[in-house]
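Visitor: Please show me the model, and then tell me what stands behind the terms used for it.

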Amino acid sequence: MRKLKLYLETSVWNFFYADDAPEERDVTKYFFEYVDKGHYDVYYSDVVLFEINRAGESKRQILMELIRKYGLNELETTTEAENLADKYLEKKIIPAKKREDALHIGIATVAEVDAVITWNYRHLIGLRRSELFYGINLEMGYTKRIEVISPREVVYDENK
């Protein structure tokens with residue numbers, strides 16, 4: 001059976017150290033145990049690095065160390081991904097000020113990953129939003145449906 005291809009949005013990396021949200025932190029660490037065992041093909045992007053580089057020095061260092069530790073696959077922003085992101089913003093699926101969130105979905109769509117993993121319930125996760133992403137993707141010629149879920153759904157799925 002082929003491994004699932006998962007794209008990790010920036011919030012997943014942040015929650016690895018979120019002592020102020022212990023439940024999400026623990027689920028995130030448990031999720032990374034599966035990543036470490038090679039259960040998935042895991043990706044991040046230059047947008048994740050851009051967002052991490054905006055953090056303070058100490059947080060930036062620990063997050064970059066975490067990325068290096070897991071040695072995952074990096075995806076680059078392409079013109080295709082930018083065009084998709086622009087469509088998501090134009091159709092108001094994601095607020096105009098959240099271009100990076102739109103880029104995460106665009107990059108993952110172009111790379112044909114199976115799911116974007118995020119803790120961002122405000123702008124990314126949601127049944128209606130997933131339908132809207134899929135509609136835009138189809139309109140733009142991308143037929144593979146992409147799921148947008150939290151690490152919790154991945155971990156619970158593994159424990160069946």
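Guide: The open sheet consists of five parallel-paired strands, ordered 3-2-1-4-5. This is a predicted model, in which local features need pLDDT of at least 70 and side-chain atom pairs count only at pLDDT 80 or more, while totals for chains, interfaces and linings use all residues. Residues are numbered from 1 along each chain as its sequence is written, and side-chain values use heavy atoms, with hydrogens and water left out.

Visitor: How do you know that strand 4 joins strand 5?

Guide: Strands pair if DSSP finds at least two bridges between them; strand 4 (residues 115-117) and strand 5 have three, so they pair. Strands are DSSP runs of E of at least two residues, and helices are runs of H or I of at least four, numbered from the N terminus. Ile117 stands opposite Ile149 in strand 5.

Visitor: What makes helix 5 oblique to helix 6?

Guide: The axes of helix 5 (residues 79-90) and helix 6 cross at roughly 130° and come within 8 Å. Angles under 35 degrees count as roughly parallel, over 145 as roughly antiparallel, 65 to 115 as roughly perpendicular and the rest as oblique, so helix 5 is oblique to helix 6. Axes are lines fitted to C-alpha atoms, for helices over the stretch in contact (heavy atoms within 4.5 Å), with angles from 0 to 180 degrees between N-to-C directions.

Visitor: Which residues of helix 5 and helix 6 meet?

Guide: Among them are Leu84, Tyr88 and Leu89 in helix 5, and Leu103, Ile107 and Val110 in helix 6.
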